Amino acid sequence: MQIDVAVLIGRFQPFHNGHATLLQLALETAEEVVVILGSSFHARSTKNPFSWQERADMINATLSPADRDRVSYIAVRDYYDDARWSAAIRGKVERHFPYAKRIALIGHFKDASSYYLNRFPQWQLVAAEQLLAIDATVIRRVLFEAEDMRVSLDVIAHYLPLSIRQYLKAWSILPHYAVLVKEHAELLAYHESWKPAPYAPMFVTLDAVVKAAGHVLLVQRGGFPGKGLWALPGGFLDQNERLFQGAIRELFEETNLAVLASTLEHSLVDVKVFDHPGRSLRGRTITHAHFFDLQTEHLPDIRAADDAAQAAWVSIEKLEGMEEVFFDDHFHILDQFLNLTASEN
């Protein structure tokens, strides 16, 4: 059966020889190939250090001019919702290739993380049987712990196409690289501090979505991880408090919001649990987001405190354009309550 379009889905952080094998299989399967760049529109982090444009540039650098003309790219965000994520990919591919009747999904069942390949039953699955075992996490760790980038990349040269090694050398002199190196070191220290624990820790956190006069209350993080990124006011649940009490406490500690606790209690509209295993680089972190709608025409006074560098009322209209400067999945928490991306579905 002739295939119209071959689809390759991945994060490609960074693009390595295992990915290159799958891309070659895609090029052999169909004349047109679309690469789905997952985890797009995120703030840079040690897990997702490269923008979707940078990843597209990386992949293009490995292709011949003729093959480059056959490959297109679609950026897709993480929705932390498998059904919504797979529907978004199908919709974007169908809009990009409206004529395509026969679509093939290229993939490899590496481990449990490959379950997403089963979410596209409408497409023919073309699975690679054997691939070089490459862990992109190891590659990123080498990048962020390198004392000499040239020497470090030589150590993992068998994992990466030559053009990617050259790209990474150039990328590592850009300003954001030093910030990611610092963030990596801070996260290592954070995880090291939990090693004496008899079991892997699971954290319970609280976040507050406070709406007033067409605005939402945000804080800018003052420390790592996510230093300088925007976030919802929140933090860890104390041992002796209930979830609602913790949400109110963290909200007041970080923003000094000039509203009575009783007013907030009456303004509570909804509570949602966000428990995706990959939502936070700090480890398994389950948050309970409390949505308060103050229903006022004015913005109450605020003042940043605790570990917040600043607090600000941000117009809801501006939030969608801020997606790449949000911490963890906080943009998606806002999206759940405020339907920020509804027009794309």
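Helices (H or I, at least four residues) and strands (E, at least two) are DSSP runs, numbered from the N terminus. The model is predicted, so that local features need pLDDT of at least 70 and side-chain atom pairs count only at pLDDT 80 or more, while totals for chains, interfaces and linings use all residues. Residues are numbered from 1 along each chain as its sequence is written, and side-chain values use heavy atoms, without hydrogens or water.

The second largest pocket holds about 400 Å³ of space, the volume being that filled by probe spheres set on grid points joined across faces, edges and corners. A pocket is an open set of points on a 1 Å grid over the protein atoms alone, where a 1.4 Å probe fits, with protein on both sides within 12 Å along at least five of seven lines; lining residues have an atom within 4 Å of a point. Of its 27 lining residues, Arg-221, Gly-234, Phe-236, Arg-282 and Asp-307 are the closest to the centre. At least two lining residues come from each of H8, strand E6 (202–212), strand E7 (215–221), strand E9 (234–236) and helix H9 (243–255).

Arg-282 is located in the loop between strand E10 (268–274) and strand E11 (284–293). Arg-282 counts as buried because its relative accessibility is 12%, the limit being under 20% relative accessible area with a 1.4 Å probe, protein chains only. Its side chain forms polar contacts (N or O pairs within 3.5 Å, one able to donate a hydrogen and the other to accept it) with the side chains of Ser-280 at 3.0 Å and Asp-328 at 3.5 Å.

Methods
Buried means under 20% relative accessible area, exposed over 50%, partly exposed in between (1.4 Å probe, protein chains only).
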